[in-house]
Amino acid sequence: MTGTSTAAAVVRAQDEGERRWWYGGGVHTWKVTAEESGGALLLFEDSVTGGKSSPLHTHPADETMIVLGGEILMHLAGAEHRVAAGGVAFAPRGMPHAFLVLSATARLLCMHTPGTCEAFYRGASEPLAGSAREVDFARIAESGRVNGGIEILGPPPF
């Protein structure tokens with residue numbers, strides 16, 4: 001059986017991909033964009049330092065986070081779970097969640113399916129060459145309302 005797809009083949013080495021500084025802290029390295037996957041997914045690596053946390057939020061895509069290095073505390077629907085290197089956390093679409101980096105640094109591989117949230121991340125980040133800014137949750141929340149359907153529910157629950 002043959003068929004056509006709007007997705008492109010993508011191969012990137014470990015350090016390849018567009019790099020962006022996320023206003024919530026950390027550097028995203030884009031591995032597969034929504035456009036490249038025909039909207040099927042968004043895949044990026046997130047390199048973060050200890051103490052970084054995300055606000056409590058939901059989005060219209062399933063999110064899978066694989067901890068490549070370090071350790072995080074994952075808040076999923078009111079329960080907290082420690083996830084160390086080699087572990088995985090899955091937040092189904094619509095489930096309130098947040099994370100906190102427990103180790104000095106962490107590397108996370110984050111996949112959204114479908115790739116509907118990319119516009120939010122682009123709106124709440126800037127090319128790595130730009131200067132780092134303080135976390136502006138109001139701007140991040142506004143990005144969610146305008147792009148990608150991510151809803152910021154409140155500050156980090158930690």
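**Burial, core and ring pairs**

Modeller: Of the 158 residues in the protein chain, 46% are buried. The model is a predicted one. Its protein chain comprises two helices and twelve strands, which follow one another in the pattern β-β-β-β-β-β-β-β-β-β-α-β-α-β.

Colleague: Why is threonine 64 called buried?

Modeller: Buried means under 20% relative accessible area. Threonine 64 has 18% relative accessibility and therefore counts as buried. This residue is found in strand β5. Leaving aside neighbours within four places in sequence, threonine 64 is in contact with Val88, Ala89, Phe90, Leu109, Cys110 and Met111.

Colleague: On what grounds are cysteine 110 and cysteine 117 called buried?

Modeller: The same cut-off of under 20% applies. Cysteine 110 is at 2% relative accessibility, so it counts as buried; cysteine 117 is at 0%, so it counts as buried as well.

Colleague: How many disulfides does a search of the whole structure find?

Modeller: The search finds zero. A disulfide requires a pair of cysteine sulfur atoms within 2.5 Å, and no pair in the whole structure is reported as a disulfide.

Colleague: Which residues have the most contacts inside the largest nonpolar core?

Modeller: They are Met65, Ile72, Met74, Phe99, Leu108 and Tyr121, in a core of 24 residues. At least two residues of this core come from each of β3 (42-49), β5, β6 (71-76), β8, β9 (97-101), β10 (105-113) and α1 (118-123). In soluble globular proteins, nonpolar side chains tend to be buried together.

Colleague: What does tyrosine 121 touch, not counting residues up to four places away in sequence?

Modeller: Tyrosine 121 touches Trp22, His28, Trp30, Leu42, Phe44, Glu63, His112 and Ile150.

Colleague: How many aromatic pairs are there, and why is the one between tryptophan 22 and tyrosine 121 called tilted?

Modeller: The count comes to five. For tryptophan 22 and tyrosine 121, the centres are 5.4 Å apart and the planes 55° apart. Ring centres within 6.5 Å make a pair; planes under 30 degrees apart would be stacked and over 60 edge-to-face, so the rest are tilted. Tryptophan 22 lies in strand β1 (residues 19-22) and tyrosine 121 in helix α1, so the pair ties together parts 99 residues apart in sequence. Both tryptophan 22 and tyrosine 121 are buried.

Colleague: What makes tryptophan 30 and phenylalanine 44 an aromatic pair that is tilted?

Modeller: Their values are 5.9 Å centre to centre and 45° between the planes, which meet the same cut-offs of within 6.5 Å and from 30 to 60 degrees. This pair links tryptophan 30 in strand β2 (residues 27-32) with phenylalanine 44 in strand β3, 14 residues apart. Tryptophan 30 and phenylalanine 44 are buried. Ring pairs link Trp22, Trp30, Phe44, Phe120 and Tyr121 into a cluster.

Terms used
Residues are numbered from 1 along each chain as its sequence is written. This is a predicted model: local features need pLDDT of at least 70, side-chain atom pairs count only at pLDDT 80 or more; totals for chains, interfaces and linings use all residues. Side-chain values use heavy atoms; hydrogens and water are left out. Buried means under 20% relative accessible area, exposed over 50%, partly exposed in between (1.4 Å probe, protein chains only). Helices (H or I, at least four residues) and strands (E, at least two) are DSSP runs, numbered from the N terminus. A nonpolar core is a set of buried Ala, Val, Leu, Ile, Met, Phe, Trp, Tyr and Cys residues joined through side-chain atoms within 4.5 Å. Contact means heavy atoms within 4.5 Å. Rings of Phe, Tyr and Trp (its six-membered ring) pair if their centres lie within 6.5 Å; planes under 30 degrees apart count as stacked, over 60 as edge-to-face and the rest as tilted.
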